[in-house]
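Hi,

Here's the complex I said I'd pass on. Have a look at it first, and then my notes follow below.

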Amino acid sequence: MTYTYYWADGSVSNQPYNQFTDSSGCAIGCGGLAWTILFCWGDHQAGNGNSYWAPRWGLYRQDGGRGANVVAPTTQTAGVDNVVTEIHDDVATFCITGQGATFPWDMDQARNYLSGRTGTTLTTHFNSFGVGEPTLREYARDSIRDRGTPAVIGTGWLSHYPVAYGYAWQSRVVRKCFVFCWNETVYDRFFYVNQGWGGAGNDWVAASTWFAGEIHP
Amino acid sequence: MKSWQDLKKAYTDSFKPLLADLAYQARSAWEIDDLVREFGEGIYTGQTMRVALLEREAAAEVSGEGAHLVEVRLVEGDNAAPSIEIAVADKALDQEVSFELHIVYGSGMREDLRFFAVSPTTRTNSKADSGLSIFEEQGQ
């Protein structure tokens, strides 16, 4: 009946980025935005004394390009928009009823953004049918718990990619009855996410995920 | 919206997707809460559990068949919210035993929470209301 909490380093509100409309009139997409939040988190950590991420200062560069090193901004500048747009192209986000959608199997192509900028690597794991798997939850949980690093997760039914910064769990013993009764240990598990909605809607969501995207310094 | 009535009428439809998403997110936790409400929450013998208090001024007592196994004490931290710690005696139980925690707050508000004590070695279905007694009575 008591939750155990784990948090990634830094504040969830340090990357309050939001989607915007691309040149075709479609939303830029949550997949590319989630990677942007995560990459800029890493860069922000590198520039603010996180020894684990300190060597990876090139994750964000001047105006989102490939030039001089600067610390990733904590507001949505034109440079951040440039990063989102570049990753949107990398992960082949497409337009469907005005929304930017990205297949989970294309999400790993965000590594193209990293190439030439930083030695940071990324890994993705997913269920193509949008079914939540305990193993995927554990990838994201381990990133937060063991490395203090947020992770991209997938919520709803293939519907949204937020970035998980926190993880909470508790176990309870309950009695279940169907024909006969038995006692069972059950678990409540939640991720605290940055939804990528400009800082709005950041909240606890059920920790059932069909996608886990991690970055490693 | 022209009136409060119009707003109330439109509210459900307007917020239906958001409400459905919230219900989806909370589904698993609600199922567990329903089980706890119906049967109580289990505590293993030899272990403790804390129940957060809704007000700082509160009194607690325990009743039920398992009350003799249970001790409660008020826990007050400097910054943390006050809570009641329930400690269940370290004793092997043949079957789970139920008890209720009654909390009366300074404002007069009252909470009645159901629990059951259980050992890791307690056999499943050993309680009389388990339903398995039907088979036992019929010798199956």
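How many residues does the contact take from chain B, and how many from chain A? It takes 23 from chain B and 17 from chain A, with two residues in contact if their C-beta atoms, placed from the backbone, lie within 7 Å. Before the rest, some housekeeping. This is a predicted model, where local features need pLDDT of at least 70, side-chain atom pairs count only at pLDDT 80 or more, and totals for chains, interfaces and linings use all residues. Residues are numbered from 1 along each chain as its sequence is written, while chains are lettered from A and ligands numbered from 1 in the order in which they are written.

Back to the side of chain B that touches chain A: helix H1 (4-39), strand E1 (41-44), strand E2 (48-52) and strand E7 (110-118) of chain B each supply at least two residues. (Helices, H or I with at least four residues, and strands, E with at least two, are DSSP runs numbered from the N terminus.) H1(B) gives the largest share, seven residues. By class, that side of chain B has 12 nonpolar, seven polar and four charged residues. Here Ala, Val, Leu, Ile, Met, Phe, Trp, Tyr, Cys and Pro count as nonpolar, Asp, Glu, Lys and Arg as charged, and the others, Gly among them, as polar.

Chain B is split into domain 1 (1-39) and domain 2 (40-124), with bounds from an automatic or database domain assignment. Their C-alpha centres are 31 Å apart.

Over in chain A, the axes of helix H1 (residues 30-46) and helix H2 (residues 78-90) come within 8 Å and cross at roughly 130°. Gly32(A), Leu33(A), Trp35(A), Thr36(A), Phe39(A) and Cys40(A) in H1(A) meet Val80(A), Val83(A), Val84(A), Ile87(A) and His88(A) in H2(A). That contact has eight nonpolar, three polar and no charged residues.

Now confidence, as pLDDT (the predictor's confidence in each residue, from 0 to 100). Chain A averages 93, and 100% of its residues score at least 70. Chain B averages 84, with 87% at least 70. Within chain B, helix H2 (residues 133-137) is lowest at a mean of 46, and strand E6 (residues 97-105) highest at 96. Where pLDDT is low, the predicted coordinates should not be read in detail. For the complex, the predictor gives an ipTM of 0.71 and a pTM of 0.82.

Cheers

Notes:
Axes fitted to C-alpha atoms, helices over the stretch in contact; angles between N-to-C directions.
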